[in-house]
Amino acid sequence: MRRADQIAGAGLLLLGVAFAGAGLRNYTYWGAAGPGSGFLPFWLGVTMAVLAAWLLIGATRARTSGGRWLPEGAGLRRLLIVLGVTAGLIAVLKIVGMAVGTVLFLVAILRFVERMRWRSTLAIAVGTAAVNYLIFTYWLRVPFPVGVLGF
């Protein structure tokens, strides 16, 4: 685990610095009316770099090697199922749209990985998709992928 944390910390540190630099280089940090479009990317990058440095230093100073990086047995099977379902969502997102894709993704995870009952699974999946659709489509006006059903 220690070596994986060192590699992840170094990689995220570079990504955070690059993200903050791109925010300053490509966008306005501060405008006449206040924070510009580069303000948030810059500070997100700085925060990411600080947290990554913290992870890197902690992993380097650790006295033990820690546990295994990947789970084994049932834990590994669950991880692979989640990765497969996520890849499946990405593959069908333009066909089914974000709302239906969210329902299908959550049904697959909650029912077949978490083994929740059908009633709870459907309530959470449909409720989450509906809340996401209302917030992003109507409130924030963020264009989501629309499927063949029109949403």
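S65 is exposed, with a relative accessible area of 52%. That value counts as exposed because the cut-off is over 50%. S65 sits in the loop between α2 and α3. The model is a predicted one.

**Helices α1 and α2**

- Two packed helices are described by the angle between their axes and the distance between the axes.
- Helix α1 covers residues 2-26, and helix α2 covers residues 39-61.
- Their axes come within 7 Å of each other and cross at roughly 160°.
- Helix α1 is therefore roughly antiparallel to α2, because angles over 145 degrees fall in that class.
- Sorted by class, the contact of α1 with α2 has 20 nonpolar, six polar and two charged residues.
- The crossing of α1 and α2 is left-handed.

**Salt bridge**

- How many salt bridges does the count come to? The count is one salt bridge.
- The side chains of E114 and R78 form a salt bridge, with N to O at 3.0 Å.
- The N to O distance in this pair is 3.0 Å, so the pair meets the cut-off of within 4 Å.
- E114 lies in the loop between α3 (74-113) and α4 (118-139), while R78 belongs to helix α3.
- The two residues are 36 residues apart, and the pair links distant parts of the chain.
- E114 is partly exposed, at a relative accessible area of 41%.
- R78 is also partly exposed, and its relative accessible area is 36%.
- Both values count as partly exposed because that class runs between under 20% for buried and over 50% for exposed.

**T102 in helix α3**

- T102 is located in helix α3.
- Is T102 buried or exposed? T102 is buried, with a relative accessible area of 12%.
- The side chain of T102 reaches the backbone oxygen of M98 at 2.7 Å.

**Positive phi values**

- Most residues other than glycine have a negative phi.
- R115 has a positive phi, near 60°, and is a residue other than glycine.
- R115 lies in the loop between α3 and α4.
- R115 is exposed, at a relative accessible area of 66%.
- R141 has a positive phi near 60° and is likewise a residue other than glycine.
- Where is R141 found? R141 is in the segment after α4.
- R141 is exposed, with a relative accessible area of 63%.

**Separations in sequence and space**

- S65, in the loop between α2 and α3, is 16 residues from I81 in sequence.
- In space, S65 and I81 are 28 Å apart, C-alpha to C-alpha.
- L79 is placed in helix α3.
- At 32% relative accessibility, L79 counts as partly exposed.
- L79 and G9 are 70 residues apart in sequence.
- C-alpha to C-alpha, L79 and G9 are 22 Å apart in space.

How values were computed:
Residues numbered from 1 in each chain as written. Predicted model: local features only at pLDDT ≥ 70, side-chain atom pairs only at ≥ 80, totals over all residues. Heavy atoms only, no water. Axes fitted to C-alpha atoms, helices over the stretch in contact; angles between N-to-C directions. Helix = DSSP H or I, 4+ residues; strand = E, 2+ residues; numbered from the N terminus. Parallel < 35°, antiparallel > 145°, perpendicular 65-115°, else oblique. Left-handed = near helix turned anticlockwise from the far one by under 90°. Nonpolar A, V, L, I, M, F, W, Y, C, P; charged D, E, K, R; others polar. Buried < 20%, exposed > 50% of the residue type's maximum accessible area, 1.4 Å probe, protein only. Polar contact = N/O pair within 3.5 Å; in protein donor to acceptor, adjacent residues only side chain to side chain.
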